[in-house]
Amino acid sequence: MVRSYIEKPNCIILAISPANQDIATSDAMKLSREVDPTGERTFGVLTKLDLMDKGTNALDVLEGRSYRLLHPWVGIVNRSQADINKNVDMIAARRREREFFATSPDYGHLSSKMGSEYLAKLLSKHLEAVIRARIPSITSLINKSIDELEGELDHLGRPIAIDAGAQLYTILELCRAFDRIFKEHLEGGRPGGDRIYGVFDNQLPSALRKLPFDRHLSLQNVRKVISEADGYQPHLIAPEQGYRRLIDSSLNYFRGPAEASVDAVHFVLKELVRRSIGETKELRRFPTLQAELAAASNEALERFREDSKKTTLRLVEMESSYLTVDFFRKLPQEVEKGGNPSASAADRYGEGHFRRIGSNVSQYVAMVSETLKNSIPKAVVHCQVREAKRSLLDHFYTQVGKKEGKQLSQLLDEDPALMERRQQCAKRLELYKSARDEIDSVSWSR
């Protein structure tokens, strides 16, 4: 137990040995030598000088000849058991001690450096010197600890105010912090927003290329659609109804890629909301508010998705509602360029005729595909991305503003373990600051 204390480098060792025993066998000196071989921290004390056999003394030890220490030895005379039994007070005991050294033929020349009072002054002076030497490092350690605790408190967050107005302000500030990070993802300050561009640059064009127009505009299907459009009376020049049916049914295929683009961007935005909540450090201590923010954001994104889906499908419907006039103006010219009208009439139900119709429709569909490839991203960005940047939390702000104090407190409900940790850090910080103030207030000038 003693070793565990005196091993510490800041410990001053008071090695006490009785003068009427051999100093070489002193347990105190042996143990102090082990932990302080240089003797910088060890003060040797001899007791029971008044109980030595007549004709003997401890001058060899006290004068450092038999056992040298870095600091001088000090001899003391304590109260005997008889003095204690007689209730001799310490003042009288100290007076007797001074008289003993002053009148002793052996120790008289050392009397000014002997006794309990001298030992106390010697230790106080040494302690003062040690403290002076340690002050800079102690102050540095305290300042470092204060910085660490303040940093941890900043990480944990300051305690939440009880006032409803202050709580509402805190919630709005937390929401703004989240919204700022979410916008950074969309605008390129943080990764993730580029995936939206990937939907328009890769996914949408790939989906458009994979539409089954080759099968839909095959010779067999074109003949079937054109024949059904004529009814009982065959067409005379250009099968307009057949063309319209082929084009309408072809354009209907664009609904799938349009909806898929909307859903893909919606998925990216939901993922960015999740990541932004996780990256908002201020929110980490409020799991309830995190959940509410996620729910409100996803609810808003659902509304944006529905608006975007209606708009993009309307673009497809617009292409079906009005076919480009120039496309049909060219068809009679192409028939006239064929030369002999009777030959053209004979070919009207031939394979070449249906192939030309399929080719014409295919060219028109390709033109529409290019148009939609540019207009669908614009609609999606306008209805989803722009709205997410502009008004993701507008509805949530309105709802929060209607909440009472108790409901606001529930949103700012913290993890109990985190609250306990903050309290512990605050107490330690207060102690360290108090210690620093105490050290700063001490004057070491004599």
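Where is D179 placed? In helix α7, which covers residues 164-187. Keep in mind that this is a predicted model.

Strands of a sheet pair through backbone hydrogen bonds, either parallel or antiparallel.

Now the join between β2 and β3. How many bridges link them? There are 2, and the strands run parallel. Strand β2 spans residues 42-47. Take L46: its bridge partner in β3 is G75.

Next, two backbone angles. Most residues other than glycine have a negative phi. K48 has a positive phi, near 60 degrees. K48 lies in the loop between β2 and α3, the helix at 59-62.

You'll find N87 in the loop between α4, residues 81-85, and α5, residues 90-103. N87 is exposed because its relative accessible area, 66%, is over the 50% cut-off.

Back to D179 in α7. Buried or exposed? D179 is buried, because its relative accessible area of 13% falls under the 20% cut-off. Which residues does D179 contact, leaving aside neighbours within four places in sequence? L392 and L393.

That brings us to the cores. In soluble globular proteins, nonpolar side chains tend to be buried together. Here, the largest nonpolar core has 63 residues. Those touching the most other members are F178, F182, F254, L289 and L392. Helix α16, residues 351-391, gives this core its largest share, 12 residues.

Look at F178. Leaving aside neighbours within four places in sequence, its contacts include V273, S276, I277 and T280. Also among them are L283, L293 and S297. F178 contacts L392 and L393 too. D179 is in contact with that pair as well.

Last item. Another core, of 19 residues, lies apart from the largest one. Among its members are A58, L62, W73 and V77.

Key
Residues are numbered from 1 along each chain as its sequence is written. This is a predicted model: local features need pLDDT of at least 70, side-chain atom pairs count only at pLDDT 80 or more; totals for chains, interfaces and linings use all residues. Side-chain values use heavy atoms; hydrogens and water are left out. Two strands pair if DSSP finds at least two bridges between them. Helices (H or I, at least four residues) and strands (E, at least two) are DSSP runs, numbered from the N terminus. Buried means under 20% relative accessible area, exposed over 50%, partly exposed in between (1.4 Å probe, protein chains only). Contact means heavy atoms within 4.5 Å. A nonpolar core is a set of buried Ala, Val, Leu, Ile, Met, Phe, Trp, Tyr and Cys residues joined through side-chain atoms within 4.5 Å.
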